[in-house]
Amino acid sequence: MKTYWWLISLIIIGCNRQPEGIQYGHDACAHCRMIIADEKFGSELITQKGKIYKFDSIECLAAYLGQIPDNEIHSMWITDFKNPGKWIRTDEAQFLQSTNIPSPMGMFLSGYADVNDARSMQTQFDGDVLDWQQVKVRVESHHTNK
Amino acid sequence: MWINIVSAKELIVGESGEFRTIRSAIESARDGDRIIVKSGIYREGALEITRAITLTGENGAVLDGENKFQILTVKASGVTVNNLTFENVGVSYVQDNAAIKLIESDNSNIIDNRFRNAFFGIYLSKSGFCTIRGNDLVAAAEKEASSGNGIHLWNCHDITIENNSIQRHRDGIYFEFVKRSTITGNHSIGNLRYGLHFMFSDTCVYKNNLFKGNSAGVAVMYTKNITMQGNRFEDNWGAASYGILLKDITGSEITGNTFMNNTVGIHAEGTSRNRISDNEFLNNGWAVRIMANSTDNVFSQNNFIGNAFDVATNSRQNYNVFDSNYWSAYEGYDLNRDGVGDVPFRPVRLFSLLIEQYPTALILLRSFLIDVIDAAESVIPALTPETLTDANPRMRRLP
């Protein structure tokens, strides 16, 4: 019986997909091919099958979405700008687009777990506080206008 | 007001000088003055220059940021900073703290300084016609992900970067929105990401530089009209490592460079209308990896010697030209003795096409089976790009 519980808990852990640590200075961005170097902007996409795509910025993650059908996406994660290394799901995160905070791919996007963090950064650095849907719209129009 | 405003003054900073602190000297200096800093360690927090002055160190003059401050901010044109040592810039997650930051400064020079443990070393923002020469930058790589770039340019034009040495930063030299600038004779070694990195920058030249042991040599991205000449790309090894990464590049030239011992010499994606000639590709894993979305690139007069794979691609389609190169893997003959092989050379091995799709198949690299498959494919090509051939392969190494 004991081994049985082990098995079940293993399966539960197996299904609870978590982002995996990015090896900064080593892993390459799935979208732009750059080596991921700034731990304030690392992002990840996990598919239903468990494959993990890593990105060097929020804008690269958003720009990559066209490449994977929506129903194959398990979850998307970004790094908290205030606590690099802490993962947040994109739909629970707050974003700030401010020209005073440069991001790796030139769209000035940073992400926060706490809406108060995003607001206080906004009062300091200006810009717009956005949710994930608004980020996707801005990234898409940025790429079509090029 | 009888003070002579025409001839410049010299202001001496030091124990024996008229000023005890650099700050007081900067405050009383007028345009054209020269501040001379005597040997010693100066801990004065963040300094700001707002007049066209020269700040010169005598040997042993050190400005220490105590791991808390950005050291020197220049907000004037015509400023020269030379022969100083900058140490221990404060790391900031939000602000790009630098040892020297130029903001909207024209005609300024940063010459022969040393930078140790700077977060960002030299940072230029919205500046033009500046020269950065002979500086030596070494960052502390203990926690590499939090290190900044060595020489960082944002929104600048007409900058000359010459004979600097940059080690253990994130990017050695970083260009974002830069125009008409030149990078010559620098050594960019052992940096965390790229030796040199272009983003959204036009009409720049980099010549005779050494890029060695970086995670990747040079990344040229979303950029046009770049001249890359006479550089050495060495020992850039790793899973995502390249001599040059080209991404969305047009109208550029890669000539007379040496690519030696890199995982990939040149990796090209979405790249078109570039000329790649007179280069040496020696002992790389892949000399050239060119993705099918790259078009109208011309590879000619290059030497491909001792690479595991000379050319790799991910499709049977090819819209690029390979002509008159020397390939050490060429096994054809030259009956009329004109120095040009009589049968075309196919630089793409079937096996390299396979491992583009199944990277783990690389384990079979030295196997007999693969040799047989490659031999069969070279006689009757079924999967490799039909048009990717060199019709005039050279019999001898090009000078």
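Good morning. Let us begin with two residues of chain B: B:Phe299 and B:Phe322 are both buried, where buried means under 20% relative accessible area, with a 1.4 Å probe and protein chains only. This is a predicted model, in which local features need pLDDT of at least 70 and side-chain atom pairs count only at pLDDT 80 or more, while totals for chains, interfaces and linings use all residues. Residues are numbered from 1 along each chain as its sequence is written, chains are lettered from A and ligands numbered from 1 in the order in which they are written, and side-chain values use heavy atoms, leaving out hydrogens and water.

Now to the aromatic pairs. A pair of aromatic rings is described by the distance of the centres and the angle of the planes. Rings of Phe, Tyr and Trp (its six-membered ring) pair if their centres lie within 6.5 Å; planes under 30 degrees apart count as stacked, over 60 as edge-to-face and the rest as tilted. How many aromatic pairs does a search of the whole structure find over all chains? The search finds 24. One of them joins A:Tyr53 and A:Tyr64, with centres 5.4 Å apart and planes at 45 degrees, so this pair is tilted. Both A:Tyr53 and A:Tyr64 are buried. The pair of B:Phe299 and B:Phe322 is stacked, at 4.5 Å centre to centre and 0 degrees between the planes.

Finally, B:Arg170 is buried, with a relative accessible area of 8%. Its side chain reaches the backbone oxygen of B:Ser147 at 3.2 Å. Thank you.

How values were computed: Buried means under 20% relative accessible area, exposed over 50%, partly exposed in between (1.4 Å probe, protein chains only). A polar contact is a pair of N or O atoms within 3.5 Å; within protein, one must be able to donate a hydrogen and the other to accept it, and residues adjacent in sequence count only if both atoms are side-chain atoms.
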